[in-house]
Amino acid sequence: MNAFFRNLIQTLFPSTCACCGDVLMAGENQICINCLSNLTATLYTAHDDNRTERLLTGRIPLHKATSIFVFRQGNTVQQVIHSMKFHGNSDLCLFMGRQMGLELLQSGRFDDIDLLVPVPLHWRRRLQRGYNQSELLCRGISQIMNRPINTRTLVRHRYTHEQSLQAAADREENVKDAFRLHHPDELTGKHILLVDDVLTTGATLVSCCEVLSRVNNLKISIATLSVAGQ
Ligand SMILES: [Zn+2]
């Protein structure tokens with residue numbers, strides 16, 4: 001499409017910010033510059049023993065872990081997650097995945113990752129939403145880090161209730177035995193990056209890792225787009 005028609009379409013159907021709804025200016029993508037600067041960064045990725053690693057260490061065999069943004073009730077990060085999960089905004093998922101990829105790449109701590117593995121959705125939830133937001137985050141990361149994505153091996157075979165509606169105490173029970181492995185040999189000897197959108201209690205990631213630990217000689221690192229703030 002030439003520049004004239006592209007400008008005409010943008011004038012007739014301007015894109016709006018996924019957070020505040022303002023019309024996006026030239027050079028802005030998905031989120032306006034104002035909202036982008038309001039995303040609370042964790043600054044964990046470059047550091048060992050960050051809060052995400054401490055939350056998960058000892059519960060699962062973990063190599064490295066990070067979360068990129070802090071999720072709090074009513075903050076801009078929560079608006080982003082809400083738009084990713086409930087407004088069908090698949091382009092925003094890809095955009096946030098690229099933000100994750102840039103930070104992972106810059107830190108240099110995740111250079112030996114072989115494969116990206118999204119936390120899977122049950123097929124019924126995927127059908128309702130039209131996509132798995134964690135898989136789209138992986139695609140965004142892959143665009144930056146150039147790593148393949150594996151969605152065949154770790155699968156969710158049990159339909160579970162939406163985690164955000166549940167009390168913390170119920171979460172472990174909710175995701176217990178929710179995951180299974182198909183074709184585990186595809187991960188043998190690999191260092192995988194398990195990717196999810198939100199880390200709260202860690203119950204979902206722990207449940208995934210319990211199943212993944214049956215793969216021979218597997219190294220697991222974890223990256224989540226956000227972590228619930230204290
Ligand atoms: Zn905005």
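This is a predicted model: local features need pLDDT of at least 70, side-chain atom pairs count only at pLDDT 80 or more; totals for chains, interfaces and linings use all residues.
Local features need pLDDT of at least 70 and side-chain atom pairs count only at pLDDT 80 or more, while totals for chains, interfaces and linings use all residues. Residues are numbered from 1 along each chain as its sequence is written, and side-chain values use heavy atoms, with hydrogens and water left out.

Q: Which geometry does the site of the zinc ion have?
A: Donors are N, O and S atoms within 2.8 Å of the metal (3.2 Å for Na, K and Ca), and because water is not among the atoms, sites may look incomplete. The protein donors here are Cys17 (SG), Cys20 (SG), Cys32 (SG) and Cys35 (SG), at 2.3 to 2.4 Å from the zinc ion. Four donors count as tetrahedral if all angles lie between 85 and 135 degrees. The angles among the 4 donor atoms are 103 to 116°, and the site is tetrahedral.

Q: What spacing do the donors of the zinc ion follow along the chain?
A: Both cysteine 17 and cysteine 32 are buried, a term that means under 20% relative accessible area (1.4 Å probe, protein chains only). The spacing of the zinc donors along the chain is C-x2-C-x11-C-x2-C.

Q: Is asparagine 50 buried or exposed?
A: Asparagine 50 is placed in the loop between H2 and helix H3 (51-56), where helices (H or I, at least four residues) and strands (E, at least two) are DSSP runs, numbered from the N terminus. Its side chain reaches the backbone oxygen of alanine 65 at 2.9 Å, and a polar atom of that side chain also lies 2.9 Å from the backbone oxygen of histidine 47. Because its relative accessibility is 5%, asparagine 50 counts as buried.

Q: Which strands stand at the edges of the sheet?
A: The open sheet consists of 4 strands with parallel pairing, in the order E1-E6-E5-E2, and two strands pair if DSSP finds at least two bridges between them. Each edge strand has a single partner strand, so one side of each is left without a neighbour in the sheet; these are strand E1 (65-71) and strand E2 (115-118).

Q: How many bridges join strand E5 to strand E6?
A: Valine 195 stands opposite alanine 223 in E6. Strand E5 (residues 191-199) and strand E6 (residues 219-228) run parallel, and the number of bridges joining them is 8.

Q: How many of the 10 residues of helix H9 are buried?
A: Among the buried residues of H9 are Leu205, Val206 and Leu212. Helix H9 (residues 203-212) is largely enclosed by the rest of the structure, because the buried share of its 10 residues is 9.

Terms used
Four donors count as tetrahedral if all angles lie between 85 and 135 degrees; four count as square planar and six as octahedral if opposite donors are over 155 degrees apart and all others between 65 and 115; anything else is irregular. Buried means under 20% relative accessible area, exposed over 50%, partly exposed in between (1.4 Å probe, protein chains only). A polar contact is a pair of N or O atoms within 3.5 Å; within protein, one must be able to donate a hydrogen and the other to accept it, and residues adjacent in sequence count only if both atoms are side-chain atoms.
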